[in-house]
Amino acid sequence: MSTMNDTMLATIEADAGLKAALQQSRIDVIGIIRDSGMKGRGGAGFPTGVKWNLAAGVHSDKKYVVCNADEGEPGTFKDRVIMSDWPDLVFEGMTIAAYAIGADEGIVYLRGEYTYLVKQLEECLQKRRDNGLLGHSIQGKEGFNFDIHIHMGSGAYVCGEETALIESLEGQRGEPRNRPPFPVNTGFKGRPTIVNNVETFAWASAILSKGADWFKSFGTDKSTGLKLFSVSGDVARPGVYEFPMGITISELLNQVGGEGAKAVQIGGASGHCVPASQFGRTIAYEDIATGGSIIVFGPERDMLDVVENFLEFFQDESCGQCTPCRIGNTKLLDGVRMLKRGECSMKYLRELVKLGQTMQIAAKCGLGQSSPNAFLSIVENFQNEIMGRIPASA
Amino acid sequence: MTSKKNNPCADGTCRVPTSQRPQTISTDANNGDIGALVTVVIDDQEVKVPMGTTILEAARSIGVKIPTLCYHEDLCIAGVCRICLVEVEGQRTLQASCAYPITQPITVKTHTAKVRQARRHILDLMLSEHYGECYACFRNNNCELQSLAKEYGVDYFRFGHPEKSRHKIDRSSYSVVRDMDKCIQCRRCVRTCIDLQEVGVLEALGRGDKTEIATYLDKPLGDVVCINCGQCINRCPTGALRANDPTDEVWAAIDDPTKHVVMQTAPSPRAGICEEFGMEAGTPMTWEMNTALRRCGFDKVFDTNFTADLTIIEEGTELIIRLYKTLVEGDTSMPLPQFTSCSPGWVKYIEHFYPERLGHVSSAKSPQQMFGAMIKTWYAQINNIDPADIVSVALMPCSAKKFECNRPEMCDSGYKDIDYGLTTRELAQMIREAGIHLPDMPKSDFDDPFGTATGSGVIFGATGGVMEAALRTVIELITGKKVEDFYEHADIIPVRGFEGCRYVELQIPEEVGPVPDLIKHLVPNWDWVKGATLKVGVAHGTANAKKVMEDIKAGGKFSECHFIEFMACPGGCLGGGGQPIPTTPEIRAARARAIYAEDAAYGKAGKPRKSHENPAVLRVYEEFLKEGPCGHLSHKLLHTSYTPRGKFIG
């Protein structure tokens, strides 16, 4: 399924989901999404139906639907494909969400590097307005008014974190907020706001069109449905793939021509590095979760180079707000460089592992909490390889 | 939903980005719950707290200590240092207790193994970037980072310690020195500047490991719109921010036998300096300090309150002239309301932010600068000292006074009117260096001819004090009656307190007195104020000053005021940027009590409590400023002009 036209997503009839939604009550629409068991496709895996339900339950004169199109996780590019190939599905999903929670304004927070898509997206939005799919009394549904505009991101990875994204939308530095409360309650401009990934909205359209049972027929009990994956690295056929949730890593590698890999990084820089011995594990929320980034490392790769690269990324991309993330990533990176030079003692390495564990529970947001993941999993799974460089005297 | 207590941003006017404050939950759905009690178990102790109380507040209420760094009682909450992390049962991650509002029953553990390890790591990380030796830091023994390192048993630098300086110290400002090598990025200074003061000079710049606290385009502090209030210094947990310290120069002047070194002391340092000697806040040290200063080697010790009284006469006269011109003669060249000018932070604030309103600011110099001009003219003359040999030092609670005394226009005596401004902290350092334990000093009086002051001068230190002093004089001058006839003990309570912006109306009786001789040449009679309503305002902290200014712009009630007192610092001078560290609302209230007690003591001792009764002031007008208040000579020496600076940064 290396060509996107073969995917299920490509077979979804345009706006069938929206039309189906508008014939039902808001509560029923949320019910369908909840029944589908879909969890957020951005990676964190929060149940979409629960999120919508929370926002729907808050009384407010104004609510917002925000599409997180700030696709910045290293090795992720499936949202770009969705936005360029099926923008209608995304806008339709946003419209369904708006109907469900009672919002009248939608914002697409588009990654700065995707500026070239704006023209096409604006044309698509205009067409939808012309066709009565956006604007006043959508599809004749009295009182349901909703429109979408595009807001360009400015290149900070952390703005993919939903509260930093909202902060950026408000014109501030992109820095995550204190939680609780959550955006479903107090989001953009203090109003209830749902922030969902591009892919989540696309699947929401599909679910409304084809039903929750159809969606549940894919995947596992806890991780239902299909999911798009961005596959890159040492594989014969890199690209965007659609697989059911719960696929094993080895199955996935077979499909993309990645047999013989030494390790797979699942979930991008903030994800986990899985060694070949664990390729029987599944990609699912109950096992190894991902927003879709699959980076394959062949036998020739030096795992210290890999982790150094990730930590350089976090050293730059931390928003700099909280201590564990701002300084912690620098210390981990220094440690990796010491390992490369054979200057890192076992004792210090153990200390860094503990630091990584602290970061996982002490950082202010998901970025800082997940930034040591790659380091920790590489230290755990590639001990022989990275410690081989420690001088005997240490 | 957050509790109002200790949460300055709860009134919804907070200016910092939402990321740097606790979120509020206020929806129709749960509005009814606000104020309801919720049970929380902290370290096995059960306590009921109002919904929205943070874990930190709840813990403190039952005596459980949670360490903090980025938290400050005066500021909105950032939740960035992470030192206050605790374990909340059922949550995968640790939670910042300062930023976690309790909305449902929870169980909290404040010192589990995970928590202790995280705190050690966080401290170790901060120390790995904190350059400098504690010995060589003015915050030695009064540093929150140092204290935490001790409390949490830091015995080595787990993640290293910087061996080289990475930042150049910014000494461009006359008032505030920034040493970013010591910064731990708690952002208290940022929140102080943006939210507490609404000046907004400091912000985080850059991202990731390159994040630093910087000015606009990282320009030197001396070149940006900093008002020098020094509130950031008082709230910095480390030594990253400090005042520009001239003690070496002052010692050199004392050591130079050819120099006549005079000191004037403002009321607020006298109420605050006790804290530097380990005493309870609010213990006045006025008379002990006089002895200590003489033992340090100052030739004369004067009371700034003398020129505070002089300020009241000059500024009060100017107000009467303004009122008469505007209300009687229809001349609008001197606009109303008149604004006070004694706070140099406020003066620089209005120069930057409302330059078009500078016409409202009284041209009277601040008491410090009036004193300087008097010392190097009249005092030099009557004592036959060459002004060139006088070194005039001012003890102030203030960092902005250092900038003020270096303003080029402040040389009206022909010399630099004030040579050095010392903060309370710096003088305490000098006193310690001289081997003096201040509380042990015998009491002694101020020197003449500026030793006589009144209770009105003393209360200049507290917000509303200048207004109260002015009103005491204005009421007596106009009515010819005692203030005590209108207000018990002459305490004009309505203008007192800590409310940010205060608006007060006073009825002037139908029965007025004769115009006193001192100002007879300026107004013929008081008929024009008979039965009028005098409207005055008080604002402290420039965020509140901004509210008043915006209200005036919008034609609100403050635009109808005749006179408004503005102080740059929260609490007035007693909360100044040169006062002992730390500062909290409680400490400032204690200092205020000391100040008002000193004023009351004047009354009890039968000494004058109103500026126009100060015999030394009257003597000055008889012998020196013979044309009276706002006369030619007083205009030359005691009045000044301002610079419309705007917000343009070169």
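## A walk through chains A and B

Helix α16 of chain B is mostly covered, with 15 of its 15 residues buried. Keep in mind from the start that this is a predicted model. The helix takes in residues 465-479, and its C-alpha atoms reach 21 Å from first to last, close to the 21 Å expected at 1.5 Å a residue. What follows α16(B)? The next residue is B:Gly480, and its phi is positive, near 70°.

Staying in chain B, let's look at a sheet. Four strands make up an open sheet here, in the order β11-β10-β13-β14, and the pairing is parallel. Which strands stand at the edges? They are β11 (300-303) and β14 (420-423), each with a single partner strand, so one side of each has no neighbour in the sheet. On average, neighbouring strands are turned by 25° against each other, direction ignored.

Strand β10(B) has 6 of its 6 residues buried, so the rest of the structure largely encloses it. In a regular strand, side chains alternate between the two faces of the sheet. Both faces of β10(B) are covered: B:His260, B:Val262 and B:Gln264 are buried on one side, and B:Val261, B:Met263 and B:Thr265 are buried on the other.

How is β10(B) tied to the strands beside it? With β13(B) it pairs in the parallel sense over 6 bridges, and B:His260 stands opposite B:Ile390 in that strand. With β11(B) the pairing is again in the parallel sense, over 4 bridges; there, B:Met263 has B:Val301 as its bridge partner. Moving on to β13(B), residues 390-396, you find 4 bridges joining this strand to β14(B), and the two run parallel.

Helix α12 of chain B, residues 367-383, lies across β10, β11 and β13 of chain B. Relative to β13(B), the helix runs at about 155°.

One more stop in chain B is B:Thr640, found in the segment after α20 (632-638). Is B:Thr640 buried or exposed? Its relative accessibility is 16%, and because the cut-off for buried is under 20%, B:Thr640 counts as buried. Not counting residues up to four places away in sequence, B:Thr640 touches B:Ser363, B:Lys365, B:Glu409 and B:Met410.

Over to chain A, where the domain assignment gives domain 1 (2-212), domain 2 (226-297) and domain 3 (303-387). Taken over C-alpha atoms, the centres of domain 1 and domain 3 of chain A are separated by 33 Å. The contact takes 13 residues from domain 1 and 8 residues from domain 3.

Chain A has an open sheet of 4 strands too, ordered β3-β2-β1-β4 with parallel pairing. Its edge strands are β3 (147-152) and β4 (193-197), and each pairs on one side only. From one strand to the next, the twist averages 25°. Strand β2(A), residues 105-110, pairs with β3(A) in the parallel sense over 6 bridges. To find that pairing in the model, look for A:Gly106, which stands opposite A:Ile148 in β3(A).

In soluble globular proteins, nonpolar side chains tend to be buried together. The largest core here has 63 residues, and those with the most contacts inside it are A:Trp52, A:Val65, A:Met83, A:Met94, A:Val108, A:Leu110 and A:Phe146. Helix α5 (residues 87-101) of chain A gives the most to this core, with 10 residues. Why does the core lie between two domains? Domain 1 and domain 2 of chain A both give residues to it, so it lies between them.

Leaving aside neighbours within four places in sequence, A:Met83 is in contact with A:Ala69, A:Val90, A:Val108, A:Leu110, A:Leu117, A:Gln120, A:Leu121 and A:Val198. Apart from this core lies another, of 54 residues, including A:Tyr109, A:Phe297, A:Leu333 and A:Leu376.

A:Leu333 turns up again around A:Glu308. A:Glu308 sits in helix α11 (residues 303-317) of chain A, and at 13% relative accessibility this residue counts as buried. With neighbours within four places in sequence left aside, A:Glu308 is in contact with A:Leu333, A:Val336, A:Arg337 and A:Lys340.

How values were computed
Residues numbered from 1 in each chain as written. Chains lettered and ligands numbered in written order. Predicted model: local features only at pLDDT ≥ 70, side-chain atom pairs only at ≥ 80, totals over all residues. Heavy atoms only, no water. Core = buried A, V, L, I, M, F, W, Y, C linked by side-chain atoms within 4.5 Å. Buried < 20%, exposed > 50% of the residue type's maximum accessible area, 1.4 Å probe, protein only. Domains from an automatic or database assignment. Contact = heavy atoms within 4.5 Å. Pairing = 2+ DSSP bridges. Axes fitted to C-alpha atoms, helices over the stretch in contact; angles between N-to-C directions. Expected span 1.5 Å × (residues − 1).
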